[in-house]
Amino acid sequence: MYMIVGLGNPTREYENTRHNIGFDVVDAIAEKYDISVLEKKHKALIGKGFIDGKKVILAKPLTYMNLSGESVRELVDYYKIEETEELIVIFDDVSLDVGQLRIRKKGSAGGHNGVKNIIRQLGHDTFMRIKMGVGEKPKGCDLADYVLGHFTEKERKIMDESVERSVDAAKMMLFEGADAAMNVYNKKIAE
């Protein structure tokens, strides 16, 4: 069984912000595969279902971004997820261009507090991830203000396409592994 966790912040004020792109991907997966993500358990909204016959749990931690690991730890323990092979975490990345995807099997948090907390809670950094490029913050702009801000209309269009690619990338990771998905989705997208 696989677990796909999208990172974000709960409550309406954070909807459609750069920091909530992980939630957006989980919502898109849920919609495409008809999985209801409404059950509150383990400090998260979760849903159980199937992606083309493969059993998955979708999760959106409700702990707020910086404590995402608390929810992930509880979920991994309760559902006995083999975190190095069966956990996929999806989150925003300010070091990637808007719409760019980067799939990894391990690595540092890269300054992302949600991922930092997951690494701290799991005790290692070996889990699959889909990093969603949200663009570099403008000079002089506060990082928190930037990631909690909204996409421009042009960026939103690019991100909507990126969300769809992430849904496909997650499916490929389930069936063919992270390496295959990296070969397809880590390519630079054309402007």
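This is a predicted model: local features need pLDDT of at least 70, side-chain atom pairs count only at pLDDT 80 or more; totals for chains, interfaces and linings use all residues.
Reader: Leaving out residues up to four places away in sequence, which residues does Glu-155 touch?

Author: Welcome! Glu-155 sits in helix α6, and with a relative accessibility of 16% it counts as buried. Setting aside residues up to four places away in sequence, the residues it touches are Arg-18 and Val-98.

Reader: How far apart in space are the C-alpha atoms of Lys-154 and Gly-135?

Author: Along the sequence, Lys-154 and Gly-135 are 19 residues apart. In space, their C-alpha to C-alpha distance is 12 Å.

Reader: What is the C-alpha separation of Val-163 and Met-132?

Author: Val-163 is another residue of helix α6, and at 5% relative accessibility it counts as buried. Beyond residues up to four places away in sequence, Val-163 touches Ile-21, Asp-24, Val-25, Ala-28 and Met-132. Val-163 and Met-132 are 31 residues apart along the chain, and their C-alpha atoms are separated by 8.3 Å.

Reader: Which residues is Ile-29 in contact with, leaving aside its neighbours within four places in sequence?

Author: Once its neighbours within four places in sequence are left aside, Ile-29 is in contact with Ile-4, Ile-51, Leu-58, Ile-90, Val-167 and Ala-170.

Reader: What does Val-72 contact, leaving aside its neighbours within four places in sequence?

Author: Val-72 lies in helix α2 and is buried, with a relative accessible area of 0%. Its C-alpha is 7.4 Å from that of Pro-61, eleven residues apart in sequence. Leaving its neighbours within four places in sequence aside, Val-72 is in contact with Val-5, Leu-87, Ile-118 and Leu-122.

Reader: Which elements are included in what covers the buried residues of α4?

Author: Helix α4 spans residues 113-122, and its buried residues are Gly-114, Val-115, Asn-117, Ile-118, Ile-119 and Leu-122. After α4 comes Gly-123, with a positive phi near 85 degrees. The cover over the buried residues of α4 includes α2, α3, β5 and β7.

Reader: What is the phi of Tyr-64 near?

Author: Most residues other than glycine have a negative phi, and most peptide bonds are trans. Tyr-64 is in the loop between β4 and α2, and it is partly exposed, with a relative accessible area of 38%. Its phi is positive, in a residue other than glycine, and is near 75 degrees.

Reader: Where does Lys-80 lie?

Author: Lys-80 also has a positive phi, near 50 degrees, in a residue other than glycine. At 69% relative accessibility it counts as exposed. Its place is the loop between α2 and α3.

Reader: Which backbone nitrogen does the side chain of Asn-186 reach?

Author: Asn-186 lies in the segment after α7 and is buried, with a relative accessible area of 18%. Not counting residues up to four places away in sequence, it touches Gln-100, Leu-101, Arg-102, Ile-103, Arg-104 and Ala-181. At 2.6 Å, its side chain reaches the backbone nitrogen of Ile-103.

Reader: Which elements give two or more residues to the lining of the largest pocket?

Author: The largest pocket holds about 490 Å³ of space. Its lining has 26 residues, with His-19, Gly-111, His-112, Asn-113 and Leu-143 nearest its centre. The elements giving two or more residues to that lining are β5, β7 and α5.

Reader: How do the lining residues of the largest pocket divide into nonpolar, polar and charged?

Author: The lining of the largest pocket consists of 26 residues. They divide into ten nonpolar, ten polar and six charged.

Notes. Residues are numbered from 1 along each chain as its sequence is written. Side-chain values use heavy atoms; hydrogens and water are left out. Buried means under 20% relative accessible area, exposed over 50%, partly exposed in between (1.4 Å probe, protein chains only). Helices (H or I, at least four residues) and strands (E, at least two) are DSSP runs, numbered from the N terminus. Contact means heavy atoms within 4.5 Å. A polar contact is a pair of N or O atoms within 3.5 Å; within protein, one must be able to donate a hydrogen and the other to accept it, and residues adjacent in sequence count only if both atoms are side-chain atoms. On a 1 Å grid over the protein atoms alone, a cavity is a set of points where a 1.4 Å probe fits but cannot get out, and a pocket is an open set with protein on both sides within 12 Å along at least five of seven lines; lining residues have an atom within 4 Å of a point. Grid points are joined across faces, edges and corners, and a volume is the space filled by probe spheres set on the points. Ala, Val, Leu, Ile, Met, Phe, Trp, Tyr, Cys and Pro count as nonpolar, Asp, Glu, Lys and Arg as charged, and the others, Gly among them, as polar.
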